[in-house]
Amino acid sequence: MAAQWLKDAVFYEIYPQSFYDTNGDGIGDINGITEKLDYIRDLGCNALWINPCFDSPFKDAGYDVRDYKLVAPRYGTNEDLYRLFREAHSRGMHVLLDLVAGHSSEEHPWFLQSQRAERNEYSDRYIWTDSTFQGGDGLPFIGGESERAASYVLNFFKCQPALNYGFLHPSKPWQHAANSPAAMATREALKDIMRFWLSRGCDGFRVDMAPSLVKHDDEKKTGTSAVWRDVRRMLDHEFPEAAMVAEWSDPPLSLRAGFDMDFALNHRGGCYSTLLRDYVNSDGEEDRSYFKKDAGGSINRFLDEYLRWYEDTKDIGYISLLTCNHDTPRPRRTLDETELKLAYAFLFTMPGVPFLYYGDEIGMRYQLLPTKEGGYQRTGTRTPMQWNRGPNLGFSSAAPEKLYLPVDPAPDAPTVESQEADGSSLLHTVRELLALRHRMDGLKAGAPFSVACSEPGKPFVYRRGGLLLAVNPDGAASSAEVPCYGRQLVYAIGSCTPEEGRLTLGPQSFAVLS
Ligand code: NOJ
């Protein structure tokens, strides 16, 4: 595995437009991130993932990139970002940028050239059919918008035409092979973008829709994996300490394709969602997730998939568990502070490299808001960071109506300042947990993991290295028959009684024993 620094990494995901505004325009900026580096470090996070901060028409909040090598003016300048890299490094921190590999904005100069009637260098940079009236062979497409008499394939929203990495088995004259000169040129353009940022101090990338590159790929993603392995070879050779995390949610495939980490983030249900957001309906009214007190959920719904992934990949890379991200409802939508403490205790003591989404450390709430920049129901997770009780909760000095999104209007909206003053706050628990993780070898990314008890109705008990850990999200005390002789309690939330052949956890409790 390439990047050694990942062994003790804890990431903080920053949505740049909503983190901290230093120039009073109502939108967060790069200098705002730099100013808050000490806060992030003191929280226990030593690495950042910054959502796309590049020039964009912002029809999908920056996931529609117009210039991959230019910081969006609303966030500052390239120089600001280089300074952020330097300031982070001087604190022993690393910075990942967001690489939108599968598509660009429809306003990218490549696309503007590509859609022209006369052939040019970029004609095949995107996937074009050979007629305006020709569909995308099962792929979403747009016809009737280009000078060129052809339709083009989309990767996500209408504003995001798919870049051409070819097809696994081309079956139409307009489909290029994955090793065709056109597809190889796209691949080289991607490497060029990566080299640009890596050589200026960036430490790697979170890759957007990583499995989406080669079209009509097979189940094993043979075509797309070959592209990423090629990228990995370049990195190993030129930037061996660069780290790559995939938005893929299939670690057996992604880690073999050369990624260091993959998010356990099953958008359509699956193991991760059973922990924190197992909503009965999409409105989130009823939640049966494991960490919801008295929901009676079983950890096995998570373990069934997770253990298969873990056993298969533990020697080749990391699974990343996350509190939330910019696409999912915040966990505070349904979980209260105590439930969140237990959930985070679990997430931050599991193997792999954890990710904390800005604001989840104070339990920021999910807001019901009209869509902004293609956010739709994701918008409510993207509101400004709540720093203190000053104007706009300390996010910005702009007039409230100028803010990127409104701040939480609730009189008891949590802030960093209020939680710092309260020794029993979620913020303090997050700090304690992350400090513990950094202190104990058994909690590092690659330290072994095994299950000691996962029986329904009992605490979930697991081993990390020489440590024994247990969590009981239920409102009633419960015990498991697990040998604890000679073990010492190192950390607890709630109560824990170790006896010779049994471990008892009080209601809503968590414990680490050495
Ligand atoms: C996944 C990103 O996380 C999401 O925010 C974006 O809308 C899509 N990919 C398209 O790039």
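Reply: Let's start with the wording: angles under 35 degrees count as roughly parallel, over 145 as roughly antiparallel, 65 to 115 as roughly perpendicular and the rest as oblique. Axes are lines fitted to C-alpha atoms, for helices over the stretch in contact, and angles run from 0 to 180 degrees between N-to-C directions. Helices here are DSSP runs of H or I with at least four residues, numbered from the N terminus. This is a predicted model, where local features need pLDDT of at least 70, side-chain atom pairs count only at pLDDT 80 or more, and totals for chains, interfaces and linings use all residues. Residues are numbered from 1 along each chain as its sequence is written, and side-chain values use heavy atoms, with hydrogens and water left out.

Now for helix α10, residues 337–347: it packs against helix α12, residues 426–439, at an angle of about 10°, and their axes are 10 Å apart. That's why the two, α10 and α12, are roughly parallel to each other. On the α10 side, E337, L340, K341, Y344 and A345 make the contact (heavy atoms within 4.5 Å). They meet L426, T429, V430 and L433 of α12.

How buried is α10? Nine of its eleven residues are buried (under 20% relative accessible area, with a 1.4 Å probe and protein chains only), so α10 is largely enclosed by the rest of the structure. Among the buried ones are L340, K341, Y344 and A345, which also take part in the contact with α12.

Finally, look at the start of α10: a side-chain oxygen of D336 comes to within 3.2 Å of the backbone nitrogen of T338.

Note on methods
Buried < 20%, exposed > 50% of the residue type's maximum accessible area, 1.4 Å probe, protein only. Polar contact = N/O pair within 3.5 Å; in protein donor to acceptor, adjacent residues only side chain to side chain.
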